[in-house]
Amino acid sequence: MRQKPSAIGMASLALAGTALAAGLVAAAPARRDTPVPAPAAVNATLSEWKIELSTGNLPAGSVAFTVTNRGSIPHALEVEGHGLEQATPLIQPGASATLTLTLAPGTYEIYCPVGQDSHKKLGMDTRLEVVEAAALRRSSAPAATGPTPTTAAAVKPIMVTGGGPVIQILPGPFPFPDSAGPILESFGPEHEALEGQIKNGPYSNKVVPIVGTFAFSAWDKGSVRDSVRGAAEFTTQDGARWKVVLDRVQTKDVPHHPKFGGVIRGLYYHGATGVHTPLVPTINSAVALWSIAHLYRNGALVSDSAYVHVMLLSHTRAAGSYALECWDCSRNPIDELQLQITPGPGEPKFDAPGGFLFVNWERSRSRT
């Protein structure tokens, strides 16, 4: 017959179990929380018209972008790729913003979304490569600051022909001063001159019908390789016969008035976009360019360095009266061809109302 353990034996077993448990607790290592790695840091500098990143590649995971606007107009930064699309708020000149994201391996597009991507089309577009940490190859090469150049062989010209009624636009008040006024505040030193143009400038409803022709071809090859060839002839309201010959593009940028390396296709700008003057309604364009041109009046050379701005844009003017009919004309058909000619730096004003020439062909067309 098996004997029952005595009370003393039971107590001894209990004490031994307690001691063993205490020993196990004492021997277990103290638990430590695994530290969360800090986000990878990327500095992004925005200006007209480029984005500079402190690195072009980094490991997958959390990334903190510090974005500084070194330009003269508002910008923003957007990161897009692999199902992600996030952006900073609008960043004023001289200000900064942060954007922290979790990025999976892959290629991401980094761009400025301002003006329905008009800033992006002007060159504020670059790439960021994100790879698995173990596969990251460190490189000291700076990140690209613009889109990949297009080879000359792939570029086809856009050919534009003016048509329909032709009008000369004369100096007068801008019809949407309340809409343009708040936007002018971001134009810095240009603000005062543009305020004067609101009262009496080249973007008015004072127009006269005239006659003339205009045709040109333009090549958007990127950077300083753009080119243009064409000519316009027209007779203004005072009977003077003018001819302008386009054979050189203007490639020097100035704030708010990008020359696009001469030629750009498919741009949304003017008006509320913060790109170029808000004294033109917001528009879309099939092509826009700046040229340095030869200008003749009644057969005599006036200038070999006149400044010319050309746009084939969405329609802005009403039929019949040819008054500006919309503040946002970006959804209208693109068939209005605009030719604006001003004196080159240091040259006298032209013998024309306001010292400039501004002509529209109201039913124009283009082909590639």
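I began with D351, which is exposed, with a relative accessible area of 51%. The model is a predicted one, and I kept that in view for each entry.

**Entry: R297 and its partners**

I looked up what D351 meets. R297 forms a salt bridge with D351, and the closest N and O atoms are 3.4 Å apart. R297 lies in strand 16 and D351 in the loop between strand 18 (334-342) and strand 19, so this pair ties together parts that are 54 residues apart in sequence.

I then checked R297 for another partner. The side chains of R297 and D238 meet in a salt bridge at 4.0 Å, N to O. I placed D238 in the loop between strand 13 and strand 14 (241-249), 59 residues apart from R297. R297 counts as partly exposed at 22% relative accessibility, and D238 is partly exposed with a relative accessible area of 41%.

I noted 7 salt bridges in the structure. One of them joins the side chains of R127 and E109, at 3.6 Å from N to O. R127 is in strand 9 (residues 125-131) and E109 in strand 8 (residues 106-111), so the pair ties together parts that are 18 residues apart in sequence. Buried or partly exposed: which is R127? At 42% relative accessibility, R127 counts as partly exposed. E109, at 18%, counts as buried, because the cut-off for buried is under 20% relative accessible area.

I followed the shared partners from there. Salt bridges join E109, K120, D125 and R127 into one network.

**Entry: D226**

I looked for a buried charge and stopped at D226. The residue sits in the loop between strand 12 (207-219) and strand 13 (227-235). D226 is buried yet has no salt bridge, and the nearest side chain of opposite charge, R225, is 6.9 Å away.

What does the side chain of D226 reach? I found the backbone nitrogen of K221 at 2.7 Å from the D226 side chain.

**Entry: aromatic pairs**

I counted 9 aromatic pairs. F234 and W361 form one that is edge-to-face, with 6.5 Å centre to centre and 75° between the planes. This pair links distant parts of the chain: F234 is in strand 13 and W361 in strand 19 (residues 357-361), 127 residues apart. F234 is buried, with a relative accessible area of 3%, and W361 is buried, with 1%.

W290 and Y307 also form an edge-to-face pair, at 6.5 Å centre to centre and 80° between the planes. W290 is in strand 16 (residues 283-297) and Y307 in strand 17 (residues 300-314), 17 residues apart. W290 counts as buried at 11% relative accessibility, whereas Y307 counts as partly exposed at 22%.

I went back to F234 and W361 and found them in one aromatic cluster with F214 and F216.

I traced an open sheet of 4 strands in the order 2-1-4-7, with mixed pairing. Its edge strands are strand 2 (50-53) and strand 7 (96-103), each of which pairs on one side only. I noted an average twist of 25° from one strand to the next.

How do strand 1 (residues 40-47) and strand 2 run, parallel or antiparallel? They run antiparallel, joined by 4 bridges. Within strand 2, L53 stands opposite A44.

How values were computed. Residues are numbered from 1 along each chain as its sequence is written. This is a predicted model: local features need pLDDT of at least 70, side-chain atom pairs count only at pLDDT 80 or more; totals for chains, interfaces and linings use all residues. Side-chain values use heavy atoms; hydrogens and water are left out. Two strands pair if DSSP finds at least two bridges between them. Helices (H or I, at least four residues) and strands (E, at least two) are DSSP runs, numbered from the N terminus. Axes are lines fitted to C-alpha atoms, for helices over the stretch in contact, and angles run from 0 to 180 degrees between N-to-C directions. Buried means under 20% relative accessible area, exposed over 50%, partly exposed in between (1.4 Å probe, protein chains only). Lys and Arg count as positive and Asp and Glu as negative; His and the chain ends are not counted. A polar contact is a pair of N or O atoms within 3.5 Å; within protein, one must be able to donate a hydrogen and the other to accept it, and residues adjacent in sequence count only if both atoms are side-chain atoms. Rings of Phe, Tyr and Trp (its six-membered ring) pair if their centres lie within 6.5 Å; planes under 30 degrees apart count as stacked, over 60 as edge-to-face and the rest as tilted.
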